[in-house]
Amino acid sequence: MKKSSDSARFAAAARSPSLVASGPENRERTPSPTSRRLFFALWPDDAVVAELTEWAQRAQEACNGRRMRADTLHMTLAFLGTVAVDRIPVLAEMLQGRRWPGGVLSLDRVGRFGGPKIVWAGSSEPSPWLDAMHVALWRALSYQGFKEPDEPFRAHVSLLRNAGAGDLSAVVGSRPVIWTPDRLVLVASAPRGSGSYYEVIAECGVTPAY
């Protein structure tokens, strides 16, 4: 009975118009969608968000662009694209009643993705635990019929979009952002005129394996 109840709850959440960001536009009632754009991500705590927001501000000063809102900063582990809502309960159940092994990230560099003109924050050192989480997540997703992208996993937090040319050397400052992720989330994105808004469908804890 509990599994059936949970499935109904997640299906209802998947159709919910409630979004992470606040604002008048988020109180509009919209028709229930038949599909959602989904991704799994590590979600930072307030302290990490504050530090990354400072990086994003300095990056914007250097090369303009559109700064990511603080409430949308995250590190994507698996982007699924458009998914039918009736598949969402199974994806949500992947996070229920478990904690994923994690670790510490030292975000100590910024870079660019040329095509979408994104400025991002990342680490110059490999993170075996993060690679293992990425592999394990996609293995579980493959059992549900999702195919992992061919391009390699590049762990990053997007700071700016539509960034122009500019010197990013002063963005990082004198010390890295130390982040010990404690939330793995399944998120639905909803595009709006001012950018994407995110709704957390399900989440679970991440425990550092020291």
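**Stop 1: a strand pair**

Select Arg112 and look across to strand 7, where Val119 is the bridge partner of Arg112. Strands here are DSSP E runs of at least two residues, helices are H or I runs of at least four, and both are numbered from the N terminus. Now widen the selection: strand 7 covers residues 118–122 and runs antiparallel to strand 6, with five bridges joining them. Both belong to an open sheet of four strands, ordered 2-8-7-6 with antiparallel pairing. At its edges are strand 2 (66–67) and strand 6 (109–113), each pairing on one side only. Two strands count as paired if DSSP finds at least two bridges between them.

**Before going further**

This is a predicted model, in which local features need pLDDT of at least 70 and side-chain atom pairs count only at pLDDT 80 or more, while totals for chains, interfaces and linings use all residues. Residues are numbered from 1 along each chain as its sequence is written, and side-chain values use heavy atoms, with hydrogens and water left out.

Colour by pLDDT (the predictor's confidence in each residue, from 0 to 100). The protein chain averages 85, and 83% of the residues score at least 70. Over residues 1–31 the pLDDT is below 50, and this stretch has 49 contacts in the model beyond near neighbours in sequence. Contact means heavy atoms within 4.5 Å.

**Stop 2: strands 1 and 10**

Next, pick strand 1 (residues 35–42) and strand 10, an antiparallel pair joined by six bridges. Leu38 sits opposite Ala188 in strand 10. Of the 10 residues in strand 10 (183–192), seven are buried; that means under 20% relative accessible area, with exposed over 50% and partly exposed in between (1.4 Å probe, protein chains only).

Stay in strand 1 and click Leu42. Is Leu42 buried or exposed? Leu42 is buried, because its relative accessible area is 0%. Beyond neighbours within four places in sequence, the contacts of Leu42 include His74, Trp129, Trp179 and Val206.

**Stop 3: residues around the pocket**

Finally, show strand 3 (75–84), helix 4 (128–142) and strand 8 (157–161), which are among the elements that each supply at least two residues of the lining of the largest pocket. Strand 3 gives the largest share, four residues.
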